[in-house]
Amino acid sequence: MAEKDVDVVVVGAGFAGMYLLHELRKQGFSSRVLEAGDDVGGTWYWNRYPGARCDIATTDYQYTWDPELLDEWQWSEKHAAQPEILRYAQYVAKKHDLYSGIDFEVRVDKAAWDDSAKKWTIHTSTGETITCRHYVMATGCLSVPKDPDIPGTDRFKGNVYVTGRWPHEGVDFTGQRVAVIGTGSSAIQSMPHIASQAKQLVVFQRTPNFSMPAFNGPQPPDRVARLKADRIAYQNEARMSPTGVPMEMATVSALAVSREEAFAMLEKSWRKGELLQIGATFTDVGINRAANEVVCDFMRSKIHEVVKDPETAETLSPRGHAYGTKRPCMDTNYFEVFNMPHVRLVDIRKKPITSITETGIDFDGESIEFDSIVYATGFDAMTGAIVNVDITGKNGLTLKKKWENGPLTYLGLTTVGFPNFYMITGPGSPSVLSNMMVSIEQHVEWIRDALVDMRDKGFETIEPTAAAEEDWRVHCTDCADITLFQDTNSWYMGANVPGKPRVLLPYIGGVGRYRRICTEAMQRGFLGFELQGNGKQQLNPGPVRLMQPDVEMMLDVMATLELPPIEAMSPAEARGFMDASATMRAPGPDVGEIVDGTFPGADGDLEYRVYRPASAGPHPVVVYYHGGGWVLGSHTSDDPLCRDLCKRADVMIISVNYRHAPEARFPAAVDDAWAALQWVAKNASVLGGKPDQIAVAGWSAGGNLAAVVAQMARDNGGPKLKGQLLLTPVTDGSRQSASYIENGEGYVLTKNVMEWFWNHYASAEDRKSVKASPLLAPSLANLPPAMIVTGQFDPLRDEGNAYAHALADAGVPVKRLQARGHIHTSITMVDMLPSGQSVRAHMASGLREFFAGE
Ligand code: NAP
């Protein structure tokens, strides 16, 4: 007799429900697992269409929690087919006696939180009522097929098939006239099989998709070898990777290499036959449209190579969306199908379906009769299965109502107003943007650990705080904002279901980062949660996440490269290293004109580079000093930033070189910076600028020089500057501020690197000079208006802020911009870190304001 009151009710017996059941039992929790199907397997139980296969290689798409399985279960292929994956699920269920803990052919209709009993009441399709302390939806992300929303679907008298609900006995299409509607993963996988049987096949395509061949075969020997050699290391690498699959990380922008090189690199990725490899070829495929377009071009060229009729090839070639923003597909001979004489492609964007009829499909003035129609039209993804159950939380609030404008969760695991309610791979977690097996295991383990911890400490309920949920929403939005996803109508965005709120449903910050956040939340005393029970309360409101996601991603990539520390290099080595790094970055936007030249420095000629806007001049002039700790860099080393500022602010930027330490120590750089300003002031008109509209700008050590020459201009009779734009400037040689301690390690510019710079540049005594530490100036009055930008995770943050405050105290108009979640170098990474865009837009408007009204 099944228990009516248990610790945990779990809905779904796919890979998530199965593992959770195993863990709950192990920890001594009573449970009921309720499953609508008549067997385990979840998605692999329902999706039995011909050709259904996992797009993630079997080395990576398998449980890790039972290491014996690695030897017991031999996968026959690199990409396992649905029957084999289902057999695997059944094998595990038998081995671990999971069948005995699962009620099959039972649906949950309703679940309601009883706040007085602190329990959930669950109503099932069999009329049973179960109460439980904790309620877990392990219902999968793609489990509710969406309504095909085509007129006349109920009229057709022939055979109707839905890929996500395929008959268990299979379908033989031999000799049939078949229509397939949809060209997503399910259609792309099933099409070659259907085409090989059908007498006639018509494919109705609304949006073409990117697909690459799976090159299926035996498991890749290199991956198997790595897995077998050190299972733990391999699986940990998967867990901490961006997507849940161990993979080489890209280090170069698609825009930093020639098209030929880019295509050669993409070809290499293509040959691997791994779903995530193409998108991981370059650092910026997911965030930069131009970089993404390189990949799109490559993918389209592949379609044209295979499909013989150029018009059909073009119809099959995606043009309207960025690669990866709709789930890319893997196929075996998909595009080849369209070379078969009995296969026809109908582009329903040009020839819309008017109606399904009793005998076939009417479209664009044509009627075609069919024996079978296959709907491969997708799913109400991520939220469909959850809100399909009538779930009522505290104060009568239903989840459907709460989520009517889009799902709100904390960590994609929990949601405010619904205590002791958990989702496995829910919206707001990496889920469908990851290897599901890795994400499932992580969620199951998090829930298990939370339950154990609560039990140990005597807590009965756990609920996220509203602040934590809001923080998570902001973080998810920060992540989504830097990607190209939001420009595409995809099921990731809920856009495939009419009326569904348009929001990026999965968390796109990466599997490893997400795991760290969840672990941190638990380790820091359930950060963002309120726990109650037995007269006790524990409230730990947050904050949750601070760093900009793209900045953190970059740091992750850098960590994998194990770069040598700058301070361990000689200046010559460090310069070589910086030059090599610069070749991998994106070049920055085009400007009207770039001209190089020389000017008289304090001790001989030095180089400059002028960036002129495309608009008609003369333009206001900004004398720009590059970063590099007075040791590294040149007038061209901040090229992308200079281009960006020139374009955004419509000003002329003159980036000037100066002598570097240790060959030329302090005050050589200052003398040259000052000489440059005077020379520009004299020659502004000749250079195409407005002589009475000059400002200075600089980054880091260049910000230091800009601040110093602004003081010198004030004290030495001009030029009269319109403003000073200081980006994460060095202003104080004492290096005593709190940000040196908080941010001294791990954020590219480290405390040790700064020390190395200072040691090369200036003696302890020299650092006290106002020409090295402009913050020490006895007076900052009458300096030009300033804009000072500091990064939250920069060791120099506090000295930048201190300078801003000191200027303001002296009566100088100051705009201070604290770049949330940024490090010292990130704001300059034009076209590589999108989160810096808004900061640079502010910097540009700061520059415009310097010159406004003139
Ligand atoms: P899908 O990717 O959403 O594709 C549905 C297709 O049907 C799209 O081409 C869509 O066009 C079209 N469609 C939808 N409504 C339509 C309508 N009213 N009229 C005409 N066309 C319509 O669904 P799916 O192929 O089932 O795949 C869903 C997801 O499941 C995949 O993206 C993947 O994540 C997962 N999946 C994985 C595997 C695997 O790992 N091997 C296999 C299958 C599925 P639009 O694009 O214009 O909306």
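Biologist: Cys479 first: buried or exposed?
Modeller: Cys479 is buried, at a relative accessible area of 1%. Buried means under 20% relative accessible area, exposed means over 50%, and partly exposed is in between, with a 1.4 Å probe and protein chains only. This is a predicted model, so local features need pLDDT of at least 70, side-chain atom pairs count only at pLDDT 80 or more, and totals for chains, interfaces and linings use all residues. Residues are numbered from 1 along each chain as its sequence is written, and side-chain values use heavy atoms, with hydrogens and water left out.

Biologist: Where is Cys479 found?
Modeller: In helix α14. Helices (H or I, at least four residues) and strands (E, at least two) are DSSP runs, numbered from the N terminus.

Biologist: And what does Cys479 touch, not counting residues up to four places away in sequence?
Modeller: Tyr507, Ile508, Gly509 and Pro549. Contact means heavy atoms within 4.5 Å.

Biologist: Val503 next. Which loop is that in?
Modeller: The loop between α14 (466–481) and α15 (511–523). Val503 counts as partly exposed, at 27% relative accessibility. Beyond its neighbours within four places in sequence, Val503 is in contact with Gly406, Pro407, Tyr492, Met493 and Gly494.

Biologist: Let's switch to the ligand. How many residues surround the ligand?
Modeller: 26, and the closest are Arg53, Pro148, Asp149, Ser186 and Thr207. Near here means that a residue has a heavy atom within 4 Å of the molecule or strand.

Biologist: Which side chain has an N or O atom 3.2 Å from a ligand nitrogen?
Modeller: Asp55. Lys146 also places a polar side-chain atom 3.0 Å from a nitrogen atom of the ligand. Arg327 has a polar side-chain atom 3.3 Å from an oxygen atom of the ligand.

Biologist: How much of the ligand does the protein bury?
Modeller: 90% of the 890 Å² that the ligand exposes when taken alone. Accessible areas come from the Shrake-Rupley method with a 1.4 Å probe; for residues, only the protein chains shown count as cover.

Biologist: Which element gives the largest share of the shell?
Modeller: Helix α5, with 3 residues.

Biologist: Stay on α5. Where is its kink?
Modeller: At Met191, shortly before the proline Pro192; the kink is about 40°, and α5 covers residues 185–197. The bend at a residue is the angle between axes fitted to the seven residues ending there and the seven starting there.

Biologist: Which residues of α5 are buried?
Modeller: Ser186, Ala187, Ile188, Gln189, Ser190, Met191, Pro192, Ile194 and Ala195. Their cover includes strands β8 (177–181), β9 (200–205), β10 (211–213), β11 (329–331), β12 (343–347) and β16 (372–375).

Biologist: Now Thr58. Which loop?
Modeller: The one between α2 (43–46) and α3 (68–72). Thr58 is buried, with a relative accessible area of 2%.

Biologist: What lies 2.8 Å from a polar atom of the Thr58 side chain?
Modeller: The backbone oxygen of Glu77. A polar contact is a pair of N or O atoms within 3.5 Å; within protein, one must be able to donate a hydrogen and the other to accept it, and residues adjacent in sequence count only if both atoms are side-chain atoms. Setting aside neighbours within four places in sequence, Thr58 is in contact with Trp75, Glu77, Lys78, Ala80 and Gln219.

Biologist: What about the phi of Glu105?
Modeller: Positive, about 55°, although Glu105 is not a glycine. Glu105 is exposed, with a relative accessible area of 58%. Asn534, another residue other than glycine, has a positive phi near 50°. Asn534 lies in the loop between β20 (529–533) and β21 (536–540).

Biologist: Overall picture: how many helices and strands?
Modeller: 24 helices and 29 strands. Of the 854 residues, 60% count as buried.
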